[in-house]
Amino acid sequence: MRTESLRDGLRSFLFCTATCVIAHATTGCGSPEKVEDPVVSVQTTPAERTTISETVSAEAVVYAIEQAVISPKITAPITEFKVQRGSHVKKGQVLAILENRDLAGQAEASKGNFEQADAGYVTSVDSTIPQQVQKAELDAAAAKAAFDAQQRAYDSRKELFQQGAIPQRELDNAAVALAQARTVNEVAQKQLADLQRLGKTQALKSAHGSRLSAEGQMRTAEAQLSYSEIRSPIDGVVTDRPLYAGDLATANQPILTVMNLSRLIAKSHVPQSEAAKLKPGNSAELKVSGLDEPIKARITLVSPALDPGSTTIEVWVEAAKPNPAVKPGMTVEVLLTGKTVKDAIVVPADAVFKNAEGGTDYVVLAGSDQKAHWKTVQIGVRNGEDAQIVSGINAGDPIITSGGYALPDNTKVKVEAAPAEKEAGAKADKSDKDDKASDKKKPDDKDKE
């Protein structure tokens, strides 16, 4: 019986203890207390009215404004290089010479053939053709005179025959002689007419054609000879020279590269949606690894056509002043300026959030009631640091810039100074304390006396 009483007492004790624990968890085992709303520390910055520019960031490769990869048109050994890598050259300057003795011989031979054809043309024009025409004229005149004489002789013998003074045989002989004279005259006249009408023109064309043919051969030989002298097509600097004197230069294979480094172009490929915001003349910046400050630049070209391979648009950026640290082939980051809005309400871009429910943009204000308030806003121009607020807030409104992410609406907030402001305030307090300490150390006028 005693054991059962102990068990019953133990059960009662455990039950009371458990009840007390549960009651303490739910009610605190006493009168309920009011739970205070949490206070979130935040930092704010006022929305300011200023100028904002839309920017586009992209990678770019630096190119020279002009570049010539020079290849010979003929295959020949290199006799001499007149420049080294890094040499400054002018347009038309001889850079290298190839073996050309055979070409020089061909040029001399073709020049001689041309001079011979030219002399033949002059002779034909000034002597041969006029002599042929003159001879034909004389032959025609003689044949005409002989025909006329035979005509008169025939007429005379015919008259005598009719009178019975001469026999028929003499009249027949006169008729034969007249026919022969007529044939000779007609042939001579036709030759003269043909020479005057066609022969002179064709003879001139033939002589002129021979001269042109010889001149063409001479010019071809001279061109082949000129190909043995490698000249620069642009002003610039020799940036590559892979061969040496004595090496074989192969036709259409590069032996020199010349670049015009007076101006450098950074070429980037920008998505078409962002390229629509850009236009030539807009400002830009080049960020080069190793340089603390970006290089000022401007947009010189926005390609009018889409690159079919990458579905992007090529944009050229030119530095305002050449910088020795920027070299062709380098990869740089370009910051392109698009649309610019003046007198805009601007807030930090990090202070703009996206509402997960409606997909709208909003900012969080620190109200005068010490609570956070969501404000739906319309965003305009935006860049990496700032965003333009088209509607929703006013200039000067305190925007929560730190601590506002995922902060519920109407949450109690405590505005704290930014670290920079705290540091500035601490320095000011320290300066005031130092001034006061200095004033205490200064002796009074009485002490001096």
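Me: Starting with tryptophan 374: what is its relative accessibility, and what does it count as?
Reply: The model is a predicted one. In it, tryptophan 374 has 34% relative accessibility, so it counts as partly exposed.

Me: Which residue does tryptophan 374 form an aromatic pair with, and how is the pair arranged?
Reply: Its partner is tyrosine 362. The pair is stacked, with 4.3 Å centre to centre and 20° between the planes.

Me: Is tyrosine 362 buried or exposed?
Reply: Tyrosine 362 is buried, at a relative accessible area of 7%.

Me: How many aromatic pairs does the structure hold?
Reply: Three. One of them is between phenylalanine 353 and tyrosine 362, a tilted pair at 5.7 Å centre to centre with 45° between the planes. Phenylalanine 353 is buried because its relative accessibility of 14% is under the 20% limit.

Me: Which residues end up in the ring cluster?
Reply: Phe353, Tyr362, Trp374 and Tyr405, linked by ring pairs.

Me: Back to the strands. How do strand 15 and strand 16 run, and how many bridges join them?
Reply: They run antiparallel, and six bridges join them. Strand 15 covers residues 361–366. Across the pairing, leucine 365 stands opposite histidine 373 of strand 16.

Me: What's in the turn?
Reply: The two strands form a hairpin with five residues between them. Glutamine 370 is in that turn, and its phi is positive, about 60°.

Me: How many bridges join strand 16 to strand 17?
Reply: Three, and this pair also runs antiparallel. Strand 16 and strand 17 form a hairpin too, with three residues between them. As for a bridge partner, glutamine 378 has serine 391, in strand 17.

Me: Where is asparagine 383?
Reply: Asparagine 383 is in the loop that connects strand 16 (372–382) with strand 17 (386–391).

Me: Buried or exposed?
Reply: Asparagine 383 is buried, because its relative accessibility is 18% and the limit for buried is under 20%.

Me: What does the side chain of asparagine 383 reach at 2.6 Å?
Reply: The backbone nitrogen of aspartate 386. The side chain of asparagine 383 also reaches the backbone oxygen of serine 53, at 2.9 Å.

Me: Which residues is asparagine 383 in contact with, leaving aside its neighbours within four places in sequence?
Reply: Ile52, Ser53, Thr55 and Ala349.

Me: New topic. Which helix is alanine 153 found in?
Reply: Helix 2, which spans residues 101–163. Alanine 153 is partly exposed, since its relative accessible area is 23%.

Me: How far apart are alanine 153 and alanine 174?
Reply: They are 21 residues apart in sequence, and 6.9 Å apart in space from C-alpha to C-alpha.

Me: Last one, charges over rings. Which ring face does arginine 241 lie over?
Reply: That of phenylalanine 81, at 4.2 Å from the ring centre.

Me: And lysine 267, which ring is that over?
Reply: Lysine 267 lies over the face of tyrosine 63, at 4.6 Å from the ring centre.

Methods:
Residues numbered from 1 in each chain as written. Predicted model: local features only at pLDDT ≥ 70, side-chain atom pairs only at ≥ 80, totals over all residues. Heavy atoms only, no water. Helix = DSSP H or I, 4+ residues; strand = E, 2+ residues; numbered from the N terminus. Buried < 20%, exposed > 50% of the residue type's maximum accessible area, 1.4 Å probe, protein only. Polar contact = N/O pair within 3.5 Å; in protein donor to acceptor, adjacent residues only side chain to side chain. Contact = heavy atoms within 4.5 Å. Pairing = 2+ DSSP bridges. Phe/Tyr/Trp six-rings, centres within 6.5 Å; stacked < 30°, edge-to-face > 60°. Lys NZ or Arg CZ within 6 Å of the ring centre and 35° of its normal.
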